[in-house]
Amino acid sequence: MPSLNWKHHALVQALMTRGPLKEKDFHAIFSGLTGKSPGAHQGLFNEYLLNINKELSSCQFELRACRDQYVGQVCYGVVNNVADEQSKLGTKYTVQQIAFFKGILEAIAQDVIAQGSISNIEALNIRLENQVLSTQGSQLLNGPLPAAFRNFTMSQKEKTLDEFVQDQWLCCTPDGKIGLGVRSCLDLRGWFRNLDVPFCEVCNEAVVKGELCQNEGCAVRIHHYCLKNKFSRRSGEILCPRCGLKWQNQLPKAEILDEEEEANDAIQSQPAQRPKRKRTKTNETHEKDAVGCGSSQSSVPNSDFRRITRSSSRPASQR
Amino acid sequence: MAGATQDFSQFDISKEEIDKLVAEVVRYVLFKTHQNSGCPIKREELVQLVTKNYSQRALPAHVINAAKEKLSNAFGYELRELLRCRPSSATQGRSTQQTGVAEAKSYVLISQLPAEVYKKYVEDENSAHLSGFTFVVISIVHLAGGKIPEDILWRHLKRMGLCETDASHPVFGNAKQALETLVQQRYLQKDKVNGPEGNTLFYELAERALDGPVSEKMKEYISEVLFRDDSHFVILML
């Protein structure tokens, strides 16, 4: 096993002491230590991480990166991969606080339309007793009496929420809601699996905030930024990887994205863009696209698409 | 990896089992350190992780040594062994060189990185105030001869703006609790001394503050301060 030097150790200790770091901060540390930037020396950077992980894996730890689902930026952290007796020690939170956190996590993760956040009021109204009754197999079943959970006051909840945000288990979204923090994205993959949260078809990370497949019977979810990447590479329609249905509710968004890009590049006007896309589509979908494209122009703003439940019909989804 | 320098062949245990034990000890140390904010971990706790399932006599010592190596190789942490020292009043009349008495051993994690590197990349600025507080308090106790009555200590702290009765100090929160944390982390220990006027509570330097690197740094720091502003500081100690 290759031995690590103090530079590797500095990277690991920085993440362990300071918590998850944004990509640019982590890269800055790497540059400071080695004198080489990760961007220009990708191979060296990857080699460092690989060697670190070879050592860490024997202790069930891992240095990994994940994308913050709200802002789309990459963060690095050292995470624990196994929930065993030792890791249960690794928290300063009380049992009530952990139950509260679980409740918030479930509320966010089980949102049908994958908004990825809940309002402050919803968070404060989470009932801890439900966690005691849950059959998730956690140690809470043998924990303190429900009375202690009932007595978890509003002000305690507020204080706890602040602590969670401070420690990056939760985050405050730009629209003032509570979402999952970087630590949760890095650390809680197993938990998301237990909650049956769908994983992204593109990047294989849990999709707490993302887009759903139009097909009601299909559980596919993809992150916004993953879709954006997919769209920027292909000018044709995107098909759902599992059910093959065209990813229709993305069409207006993609157009708006493309429009923005074009506005920035000042290359083509909007009408000119549409014919180009039509030409690449097959004949049978031509009409649908016309309808889709046409109605998307006069459609309601993008955010409303996400809020509408799957059962409601939209002009763009006419078949 | 089971320590290359450790010879495990004397035990009738597979390499996988050894590796697993070592990993458990490493994880225990890391998580427990986080949970109790750096309070020393008793050797007995680590031994128990091994003896829980294995009864070989010399095995715990080997596993702990292998874990020490692992922590150093993988993370750059030193598993520093501290010998728990007892309050001076309890050791009066007894030689401290006695080997017959089994003093409790405990462990703390110390970063092995060079100081500038640690300061630049690793240090968490959100907890810098705690390090500062620790340093000031043990400096005061050191200058008082290693032992100081409780009320005198608080008198000095009050001059620096921290009152014993402060329950919600903007930086330190509950002042009494902040000092108590230093006792839990074994920088200080408490000692009740019977005096003519009754019991007095003394604070004394404990094993963590007396440990080599910490003690050296502290003396450096104090001498720096004394040279910079000696008159004020010396008067403070009187």
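Predicted model: local features only at pLDDT ≥ 70, side-chain atom pairs only at ≥ 80, totals over all residues.

The questions below ask what lies behind each label.

Student: What makes up each chain?

Tutor: Chain A has 16 helices and eight strands, and chain B has nine helices and six strands. These are DSSP runs numbered from the N terminus: helices are H or I with at least four residues, strands E with at least two.

Student: How do you know that Ile64(B) is buried?

Tutor: Buried means under 20% relative accessible area, exposed over 50%, and partly exposed in between (1.4 Å probe, protein chains only). Ile64(B) has a relative accessible area of 1%, so the residue counts as buried. Ile64(B) lies in helix H3 of chain B. Its contacts (heavy atoms within 4.5 Å) include Arg43(B), Leu46(B) and Tyr107(B), leaving aside residues up to four places away in sequence.

Student: How much of each chain is buried by that rule?

Tutor: In chain B, 42% of the 238 residues are buried. In chain A, the figure is 46% of 319 residues.

Student: Why is Asn204(A) called partly exposed?

Tutor: Asn204(A) has 45% relative accessibility, and therefore counts as partly exposed. Asn204(A) sits in the loop between helix H11 (189-194) and strand S7 (211-212) of chain A.

Student: What makes the phi of Asn204(A) worth a remark?

Tutor: Most residues other than glycine have a negative phi. Asn204(A) is not a glycine, yet has a positive phi of about 60 degrees. Arg186(B) also has a positive phi, near 65 degrees.

Student: Is Arg186(B) buried or exposed?

Tutor: Arg186(B) is at 9% relative accessibility, so this residue counts as buried. Arg186(B) lies in the loop between helix H7 (175-184) and strand S5 (188-195) of chain B.

Student: Why is the pair Lys70(B) and Glu55(A) called a salt bridge?

Tutor: A salt bridge needs a side-chain nitrogen of Lys or Arg within 4 Å of a carboxyl oxygen of Asp or Glu. The closest N and O atoms of Lys70(B) and Glu55(A) are 3.3 Å apart, so the pair meets the rule. The rule finds one salt bridge across the interface of chain B and chain A.

Student: Which elements of chain B give two or more residues to the side that touches chain A?

Tutor: They are helix H1 (15-35), helix H3 (59-75) and helix H4 (115-122) of chain B. H1(B) gives the most, with 10 residues.

Student: How many residues take part in the contact, and what area do the chains bury?

Tutor: The contact takes 29 residues from chain B and 29 residues from chain A. The two chains bury about 2,700 Å² between them, 63% of it on carbon and sulfur atoms. Buried area is the accessible area (1.4 Å probe) that two parts lose on being put together, summed over both. Arg27(B), Phe75(B) and Tyr121(B) supply 28% of the area that chain B buries against chain A, more than any other three residues.

Note on methods: Residues numbered from 1 in each chain as written. Chains lettered and ligands numbered in written order. Heavy atoms only, no water.
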